[in-house]
Amino acid sequence: IRQTGLLTYSDPPAGGLDVIGGWDNVKAHVRRDKPCLTLEARQAGVEYPRGILEVGTPGCGKTKMSLAIASYFQLPLIQMDVGTLMSKWISESESNMRMALRMLERIAPCVLMVDEIEKGFSGIGSDSDSGVSMRVFGTFLKWLSDRTAPVYVVATSNNIQALPPEFIRSGRFDSVYGVYLPTKEERRDILLIHLN
């Protein structure tokens, strides 16, 4: 991973889902997914979970939740910054994306975090990039739909309307979750975690 610079490995923080206050619906989803990650589940014909897309207000813990999911699953956390895959050289961006996806499949099982994904693909459809962003995006979309490797994808977005509609089509993620400012009870839970 270090040699190519296309992906980033992070040690997930300790504590799993317990370091997050609120987010009860996402936590329940992740807890349901964990048994599906086992070898026994594979042998029983259970499909590997595809992952989740978290969408909503900036600063509400989407990135922190991604880290907590990897910690809870006890899997390596790999981060993809689409911007680092883009190159000024012809066809190198597409090649970088394919190489990064091959690396992910060799590393698997793992959790892939793609933070603020709408920023990585912000040039889609513009005249300035001669279709490079669209081709890179197409490669990533195809992989999201067709992948068989055990890669659990957690993508975050502050602005879902900046994403092309095909990105959230059924089959790419198991669920899309809206993230908003915490309620009074959730704030209490968050405060207790920090006090402890």
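Is Cys-110 buried or exposed, and what is its relative accessibility? At 0% relative accessibility, Cys-110 counts as buried, where buried means under 20% relative accessible area, exposed over 50%, and partly exposed in between (1.4 Å probe, protein chains only). The structure is a predicted model, in which local features need pLDDT of at least 70 and side-chain atom pairs count only at pLDDT 80 or more, whereas totals for chains, interfaces and linings use all residues. Residues are numbered from 1 along each chain as its sequence is written, and side-chain values use heavy atoms, with hydrogens and water left out.

The count of disulfides, each defined as a pair of cysteine sulfur atoms within 2.5 Å, comes to zero. Cys-36 takes part in no disulfide, and the nearest cysteine sulfur, that of Cys-110, is 17 Å away.

Aromatic contacts were examined next. Rings of Phe, Tyr and Trp (its six-membered ring) pair if their centres lie within 6.5 Å; planes under 30 degrees apart count as stacked, over 60 as edge-to-face and the rest as tilted. By this rule there are five aromatic pairs. One of them joins Phe-73 and Tyr-152 in an edge-to-face arrangement, with 4.9 Å centre to centre and 80° between the planes. This pair links distant parts of the chain, 79 residues apart: Phe-73 belongs to helix α3 (residues 62–73) and Tyr-152 to strand β5 (residues 151–157). Helices (H or I, at least four residues) and strands (E, at least two) are DSSP runs, numbered from the N terminus. Both partners are buried, Phe-73 at 6% relative accessibility and Tyr-152 at 0%. Together with Tyr-72, these two residues form one aromatic cluster.

Charged side chains also lie over aromatic rings, a contact that requires NZ of Lys or CZ of Arg within 6 Å of the ring centre and within 35 degrees of the ring normal. Lys-34 lies over the face of Tyr-72, at 4.5 Å from the ring centre. For Arg-147, the ring is that of Trp-143, with 5.2 Å to the ring centre.

Salt bridges, in which a side-chain nitrogen of Lys or Arg is within 4 Å of a carboxyl oxygen of Asp or Glu, number four. Among them, Glu-94 and Arg-135 meet at 2.5 Å, N to O. This bridge links distant parts of the chain, with Glu-94 in helix α5 (residues 92–107) and Arg-135 in helix α7 (residues 132–146), 41 residues apart. Glu-94 is buried, with a relative accessible area of 7%, whereas Arg-135 is partly exposed at 41%. A salt bridge also forms between Glu-116 and Lys-119, whose closest N and O atoms are 2.8 Å apart; Glu-116 is partly exposed at 28% relative accessibility. The side chains of Asp-189 and Arg-188 meet in a salt bridge at 3.6 Å, N to O, and Asp-189 is partly exposed at 28%.

On the surface, Leu-191, Leu-192 and Leu-195 form a nonpolar patch with about 310 Å² of accessible area together. Patches are made of residues with over 30% relative accessible area and no salt bridge, like charges being joined within 9 Å and nonpolar side chains (Val, Leu, Ile, Met, Phe, Trp, Tyr) within 5 Å; accessible areas come from the Shrake-Rupley method with a 1.4 Å probe, and for residues only the protein chains shown count as cover. Leu-195 lies in helix α8 (residues 184–195) and is exposed, with a relative accessible area of 65%.
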